[in-house]
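Hi everyone, and thanks for coming. Let me bring up the structure on the screen, and then we can walk through it together.

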Amino acid sequence: MKVAVLSDIHANQVAFLACMDYLKKKQSVEAIILLGDYISDCPYPQRTVELLYELKLRYPCYLVRGNREEYILDYQNNPKKDWDESSSTGSLLYTYNNLSGRELDFFRSLPITDVVQLENCEPLRICHGSPMDTRELLFSDNGKAEFYLSQIRESYLLSGHTHTQCEVHYQKKVLWNPGALGMPFGTKRKAIFSILTSKVGGWDCEWIQIPYNIEAELKQFEESGLNRMAKVYALVTRLGLQTGKNILLETVTLAKSLAKQEGVKVENLKLPEKYWEEAAHRLKIL
């Protein structure tokens, strides 16, 4: 049996479509596992959700919720509704405004962790960040992957969120991260994911990278209005797609530092726009 593992689409429906076409034409995949962060950052999140619905008609699908879905659901329940057109929250507000109640209910129905038990196969524990927290990062060198491998009953843990493909072995167990299909780090202009193949007593993992029409995706930023709403955030997102680098993290880190130097209290990504712009100028991306 072959199972495709996809994570972190981030509304990049052009990359998602390329992946779906690849699986249909070149792989005898029998099921799909999706590890969350289907939306935000790229334009037209509703189109990505429609592709998820289409995928569910083609294959048995196993889905968990990511932190991006949780941001949107938390905002729906927030009476203050304080997002605005800015680099701090404009991308999230755009995403929220382009999703219907049906789509939000769909995300709400998803668990943050689950066990996939396919016939005659070893079970797979799946999550977005960690089995306990969608925002937790299981890097290969921070010890958290080993901790969760020691805690779960299953021999296999599938996790996303870091945007990089990796493999961690511990106590005869393994973690596989398929990387970010729609917004990978360390890979330029490619959609990345994994395909698992069952074997006697376990699974093998194949790392997949395929090209897609990134210019078509970038064009949608302007026509959708996302560039206007998300400002510097949209700029660094586009650059990240083109370069495969985490330019957002670099920009946010510098912007926070500039704000703190002037005594401005920083909460999450809620930064005055001038610090985003100054950071972008200093990094020579604006």
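The secondary structure here comes to 11 helices and 10 strands, where helices (H or I, at least four residues) and strands (E, at least two) are DSSP runs, numbered from the N terminus. The radius of gyration, taken over C-alpha atoms, is 19 Å, close to the 19 Å that the globule rule gives for 286 residues, so the protein is as compact as a globular protein of that length. That rule is 2.2 Å times the number of residues to the power 0.38. Along the principal axes, the C-alpha atoms fill a box of roughly 60 × 40 × 35 Å.

Please keep in mind that this is a predicted model, in which local features need pLDDT of at least 70 and side-chain atom pairs count only at pLDDT 80 or more, while totals for chains, interfaces and linings use all residues. Residues are numbered from 1 along each chain as its sequence is written, and side-chain values use heavy atoms, with hydrogens and water left out.

How much of the protein is buried? Buried residues make up 56% of the 286 residues; buried means under 20% relative accessible area, exposed over 50%, and partly exposed in between (1.4 Å probe, protein chains only). Turning to contacts, meaning heavy atoms within 4.5 Å: among those between residues at least 6 apart in sequence, 66% join residues at least 24 apart.

Five strands form an open sheet with mixed pairing, in the order 3-2-1-9-10; two strands pair if DSSP finds at least two bridges between them. At the edges stand strand 3 (61-63) and strand 10 (202-211), each with a single partner strand, so one side of each has no neighbour in the sheet. From one strand to the next, the twist averages 20°. Strand 2 (residues 31-34) and strand 3 run parallel and are joined by three bridges, and Ile32 has Cys61 in strand 3 as its bridge partner.

Helix 1 (residues 13-26) lies across strand 1 (2-6), strand 2, strand 9 and strand 10, at about 35° to strand 9. For angles like these, axes are lines fitted to C-alpha atoms, for helices over the stretch in contact, and the angles run from 0 to 180 degrees between N-to-C directions.

Next, the charged pairs. How many salt bridges does the structure hold? There are 12 salt bridges, each a side-chain nitrogen of Lys or Arg within 4 Å of a carboxyl oxygen of Asp or Glu. One of them joins Arg65 and Glu70 at 3.4 Å, N to O; Arg65 is buried at 15% relative accessibility, and Glu70 is buried at 16%.

Another links Asp105 with Arg108, with the closest N and O atoms 2.9 Å apart. These two are three residues apart in helix 5 (residues 101-108), which means that about one helical turn separates them. Asp105 is partly exposed at 46%, and Arg108 is partly exposed at 37%.

Glu215 and Arg189 also meet in a salt bridge, at 2.6 Å, N to O. This pair links distant parts of the chain, 26 residues apart: Glu215 sits in helix 7 (residues 214-224), Arg189 in the loop between strand 8 (173-178) and strand 9 (190-199).

Last stop: Thr251, in helix 10 (residues 247-261). Thr251 is buried, with a relative accessible area of 0%. Not counting residues up to four places away in sequence, Thr251 touches Val232, Val236, Trp276, Ala279, Leu283 and Ile285.
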